[in-house]
Amino acid sequence: MIPYIFLGLGAVSLGMFLFKRDKKSSIVAIALKALTSLFFLLTALFSLYENIGNNPIDNSKLLALIFMILGLIFGMVGDILLDFKIYFKTLNMRFLCLENDYDILMITGMSSFGIGHIFYILALMVYTPIEWIYLIFSTLGATLFMSFIFIISIKVMKMDFRKFFIPSILYGILLASFVFLSIFKISFSYTKANLLILIGSILFIVSDLILSITYFSKKEDYEKKGFMNPESRFMIIMNHITYYAAQFLIAIAILFL
């Protein structure tokens, strides 16, 4: 019951955050974002508590649950870093008083999310273990999928990833590998937990595809009016709704693992 209470509080907090958040961000918006992220972490922790209390647990299951929690923690850190990047850039402020402060926050934010996805992937591998060959297949599928995405992004949409091209590719492969591995997992064992994780992994990659449009679109796109502007409220709302839906689904999945 308690995990669902924090899930509901997270939905309320997300609504408040989206009301305050615009393309410039603010300290209030960052605080509300951190609160929303704290709620998905609390959802996960109380899901872990109830799971352990109500079900027999072995070492592999416990390790998988811990990996899921760690993935959410690194996601929370990445959340806050990326919003601080936007806030400092808007105010023309420096974080570490270095010329490339914004790049540092961007890279550390992406790295935090990437590490989080490594933990998610490890959780899938150790809980009711599947052969490592499926991780290889997932990585190959992810590489092909992201190659297609980047070809469309660069050749058709004229997006400019600048110095973040290689980090974006590596991060994208991690995201897609999580999706492909989730597909393999549910094809072998159709459970509520695996279904929630699969939907969460798909929403996560949708969220980051939207975010990449926000960050890396060509200059002319930022001059557009309405929801097609990469920094429009529509894009901000869709990015965060899909992202937080993903994290909360992964958090509540811990209840059923």
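Is Met1 buried, partly exposed or exposed? The model is predicted, so that local features need pLDDT of at least 70 and side-chain atom pairs count only at pLDDT 80 or more, while totals for chains, interfaces and linings use all residues. Residues are numbered from 1 along each chain as its sequence is written, and side-chain values use heavy atoms, without hydrogens and water.

Met1 is exposed, at a relative accessible area of 65% (buried is under 20%, exposed over 50% and partly exposed in between, with a 1.4 Å probe and protein chains only). Met1 lies in the segment before helix H1 (2-20); helices are DSSP runs of H or I with at least four residues, numbered from the N terminus. Together with Ile2, Ile5 and Leu9, Met1 forms a nonpolar surface patch with about 380 Å² of accessible area.

Lys158 lies in the loop between helix H5 (132-156) and helix H6 (165-188), and Arg162 is found in the loop between H5 and H6. Lys158 is partly exposed at 48% relative accessible area, and Arg162 is partly exposed at 47%.

The second largest pocket holds about 380 Å³ of space. On a 1 Å grid over the protein atoms alone, a pocket is an open set of points with protein on both sides within 12 Å along at least five of seven lines, a cavity is a set where a 1.4 Å probe fits but cannot get out, and lining residues have an atom within 4 Å of a point. This pocket is lined by 25 residues, of which Phe161, Asp208, Leu209, Leu211 and Ser212 are the closest to its centre. H7 contributes the largest share of the lining, nine residues. The lining comprises 20 nonpolar residues, four polar and one charged.

Two cavities of 30 Å³ or more are found in the whole structure. The largest cavity contains about 210 Å³ of space and is lined by 18 residues, with Lys33, Leu82, Leu211, Asn239 and His240 nearest its centre. Helix H3 (59-90), H7 and helix H8 (233-253) each supply at least two of the lining residues, and H7 gives the most, six. Nine residues of this lining are nonpolar, four polar and five charged.

The second largest cavity contains about 40 Å³. Among its lining residues are Ala64, Met68, Tyr127 and Lys185.

Notes
Patch = residues over 30% accessible without salt bridge, like charges linked within 9 Å, V, L, I, M, F, W, Y side chains within 5 Å. Areas by Shrake-Rupley, 256 points an atom, 1.4 Å probe, with all protein chains shown as cover. Salt bridge = Lys/Arg side-chain N within 4 Å of Asp/Glu carboxyl O. Points joined across faces, edges and corners; volume = space filled by probe spheres on them. Nonpolar A, V, L, I, M, F, W, Y, C, P; charged D, E, K, R; others polar.
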